[in-house]
Amino acid sequence: MSRRAVGVVLLAGCALAVASASRAGPPGTAALLARYEPVVEQYRADWRPAKIDGFLAGADLERLSGFSWRLVRRSPSAAQLANLGPNQRLDTRDCSPAVNLDACYPRRPSQASVYGRVWQQAGAVSPVTVLEYWFFYPLDDWRTPIVSPVLWHMHEGDWEQVSVELGPTGVPVAIAASQHDAGVTRPWARVKLAGGTHPVVYVALGSHANYLSPGYHGVPGVPHVIPTPFSGVPLPEPDYTSAQVALGPPGTASVPLSVVDISNGASWLSFAGAWGDGSFLLAGERTKHGTAFTHLRIGGSPPGPAFHAVWRDPLLQFRSWPADDGH
């Protein structure tokens, strides 16, 4: 996860309809995920959330041997990632944020998709359900300013997620949205909805942080994701969102966003390695020939969904992430 997470009131009629459906018996996981699937608003030029297949087709599976990475397999299938350990990684072939810019990365045609999971609390007197929607982007390529940047943050493989918490009666009570190192939460009554049940999420250009309100987010002039060892303090980052294109269920968005149900697992979820070859901060210097960038490694690419704390404990985000203040 590239890390860290207007209001409209839910109509009483919609709430009663959902509650009645819940009392009649819980629907299948696919139907439940479809009912609350987010509508994603993006910049038209940004990477779109997609199935992992296109990324895998252009990647090499590598294993760490000593201090170097050795090729294990070209274009591994999702099934071939099963149970592989953290000493392996996926590396986009012929491109690296260590030396290249976004233009190096091929944008393969792919249907917009999101991976959905239904988690139900076990053993509680009043159990709740959490619907997790995991978005995969082949590349995180945040930059500022947007045109002719002087700071650029890049890493291959970007996992983000949005979660909807359902109360004991099956009625939504809150939403959580990932933003960089954590994320934010908001009561369902203050969530903007499309089609009655679909929360609207605004995706930041390049970083793919999820916001629940449109517009500019962050502090002007403050660099994005400068790690504490470099800055001395954790700094907020400027993020830009736009509603140039909407992805979501048919009838609510211009671009279909299909839900892949992984509630019962998937072979690739057990892959413990990194989805990329590292995270880099690019510092630009203006020259008469354009901007020259120095590439500084600041960390690794993220692991897959099952190796995030909010997968192991889906209620963690609702307990520990701050309330959304619209920043």
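The accessible surface of the protein chain comes to about 13,900 Å². Carbon and sulfur atoms account for 58% of that area. The model is predicted. Its chain holds 327 residues, and 51% of them are buried. The fold is built from 6 helices and 19 strands.

The largest nonpolar core has 35 residues. Within this core, Leu-131, Tyr-133 and Phe-135 touch the most other members.

Take Leu-131 as a place to start looking. Leaving aside residues up to four places away in sequence, Leu-131 touches Leu-32, Leu-33 and Tyr-36, among others. Its contacts also include Arg-117 and Val-118. Val-162, Ser-163, Val-164 and Leu-166 complete the list. Another core lies apart from the largest one. This other core has 28 residues, among them Phe-55, Tyr-115, Val-128 and Trp-159.

Now for the cysteines. A disulfide is a covalent bond between the sulfur atoms of two cysteines. The whole structure contains 1 disulfide. Cys-95 and Cys-104 form it, with their sulfur atoms 2.0 Å apart. The torsion about their S-S bond is about -90°, so the disulfide is left-handed. How accessible are the two partners, Cys-95 and Cys-104? Cys-95 is buried, because its relative accessibility is 6%, under the 20% cut-off. Cys-104 is partly exposed, with a relative accessible area of 28%.

Definitions and conventions: Residues are numbered from 1 along each chain as its sequence is written. This is a predicted model: local features need pLDDT of at least 70, side-chain atom pairs count only at pLDDT 80 or more; totals for chains, interfaces and linings use all residues. Side-chain values use heavy atoms; hydrogens and water are left out. Helices (H or I, at least four residues) and strands (E, at least two) are DSSP runs, numbered from the N terminus. Buried means under 20% relative accessible area, exposed over 50%, partly exposed in between (1.4 Å probe, protein chains only). Accessible areas come from the Shrake-Rupley method with a 1.4 Å probe; for residues, only the protein chains shown count as cover. A disulfide is a pair of cysteine sulfur atoms within 2.5 Å. A nonpolar core is a set of buried Ala, Val, Leu, Ile, Met, Phe, Trp, Tyr and Cys residues joined through side-chain atoms within 4.5 Å. Contact means heavy atoms within 4.5 Å.
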